[in-house]
Amino acid sequence: MGKYHFIAIGGIGMSGLAKYLLEDGYTVTGSDIADSKYIDALKSLGAEVNIGHNETNLPDDTDVVVVSTAIKENNPELIKARNLGMKIYHRSDLLAEIAKSAQDREKCFIGFSGTHGKTTTSGLASFVLDKAGLAPSFVDGGIVPELHTNAQHKSGEHFVAELDESDGTIVKYHPDILVINNLEEDHLDFYKNGMSDLVKTFGKAISQSKKVIVNNDNDGIKLLQGNFITFGLNEADYTAKNIEYSKEGTSFEIYHTDNFLTDMYITIAGVHNVNNTLAVCAALNESGVNLDCIKDIFTPFTGMGRRFEKVCEINGIPVFDDYAHHPTEIKATLEAAASRFGKENIVAVFQPHRYSRLQGLWNDFKGSFDNIGRLIVTDVYAASEEAIEGINGEKFASEVKAEYIGGSIENVAKNLLPTLQNGNVVIGLGAGTITNLGKYLGNRS
């Protein structure tokens, strides 16, 4: 068995990979700048983790050092690893190795990808397979609340993973089944030529996959070429019919090539989650799982962590946290919220994520906030980017006639709390520190 060392082991993606290796019998060490619940979980499985980055954290007999894109070249542990000639993996290299190992053990590798929904679909597939007693292995991009983990290594016949396209690393995988939920312009810091670069990247990923399942309702998908299995609400191999929405959930029937497969009832809100469920059902059916035998397992799935997740309630006012940071994601989340709580009650707090994304999708973002009663815009979460002149939260707020509250999220909470009224529903939107909004509101209530 090899020995792996993770630099910045506490992140959601890195901790999942580390947990998988620990459960597979490998030795894991790591470091991070701060302790976290993810690190505590890894320690309970036998990982040795140090807080702070220092070359002494890296054991001399380490076989592989794992890093993410965020690790700088001047990191002392990375410098030591290079000096000692250790093998250095980007986290995507490790996931690719894990996936290949799973396939070598004759597991069916299902990879979920696309601009939106890959965390929810990979998590839903993992949840259903696990609760069905099929003992899947998986590495997802978020915590599955009912399973209380984002990764596990088990003996079943499926390996499920979220495949990230943000930095082009999706081309490192060779899945048995590749699911592409949708394709839209995003990550413009990496894809300099927008959709044309994105299509080229996905084209290579498609060529390396045995089966490819795509969302036939998405315009971006139509730019891809290949022999696809399709899902969607209109013309597709897998379709949803007789859809009925209520505040409690959504019921519909699933058909495959016009033949009835099963009826379905889900409690995660919104039409986008009907599509997400279709994507998972298509993938599981293609892998040989009998959907009619597991359909009831879909119902109790409440969604992934940070996907319209209720984090607290303040004086009867619910506060939700949502990872949505792309215009389409925001629009889908707010439409689902409005259908449940009423448009006029929604108080959205939007933290733009990355200057490059706000600049590149400025007009798209402006059209994303129709289904709410009130919008607050914060400062941009830079995510290590340099500021871009003329691109900021205050200017965006003025253009969409929203309120602007600058400074930390704690300051946003301080100014927001006294203005909330009975009947309001607060939703924090973004991939950055906005996730702490509920905590700060709760501390001040």
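Entry 1. I began with Leu178, which stands opposite Val212 in β11. I worked throughout from a predicted model. Around this position, β10 pairs with strand β11 (residues 211-215) in the parallel sense, over four bridges. I then followed the chain out of β10: the path runs through helix α6 (residues 195-207) to β11, and this β-α-β crossover is right-handed.

Entry 2. I turned to the side chains of strand β10 (residues 177-180). Leu178 and Ile180 point one way, Ile177 and Val179 point the other way, and all are buried.

Entry 3. I looked for a further partner of β10. Strand β6 (residues 108-113) pairs with β10 in the parallel sense, again over four bridges. Within this pairing I noted that Ile177 in β10 is the bridge partner of Ile110.

Entry 4. I next examined an open sheet of five strands, and recorded the order β3-β2-β1-β4-β5 with parallel pairing. The edges are held by β3 (48-51) and β5 (87-90); each has a single partner strand, so one side of each is left without a neighbour in the sheet. I noted a twist that averages 20° from one strand to the next.

Entry 5. I asked which strand pairs with β5. The partner is strand β4 (residues 64-67), joined in the parallel sense over four bridges.

Entry 6. I finally looked up what helix α4 (residues 91-104) lies across. The helix lies across β1 (3-7), β4 and β5, and runs at about 90° to β5.

Conventions: Residues are numbered from 1 along each chain as its sequence is written. This is a predicted model: local features need pLDDT of at least 70, side-chain atom pairs count only at pLDDT 80 or more; totals for chains, interfaces and linings use all residues. Side-chain values use heavy atoms; hydrogens and water are left out. Two strands pair if DSSP finds at least two bridges between them. Helices (H or I, at least four residues) and strands (E, at least two) are DSSP runs, numbered from the N terminus. Axes are lines fitted to C-alpha atoms, for helices over the stretch in contact, and angles run from 0 to 180 degrees between N-to-C directions. Contact means heavy atoms within 4.5 Å. Buried means under 20% relative accessible area, exposed over 50%, partly exposed in between (1.4 Å probe, protein chains only). A crossover is right-handed if, with the strands pointing away from the viewer, the path from the first strand over the helix to the second runs clockwise.
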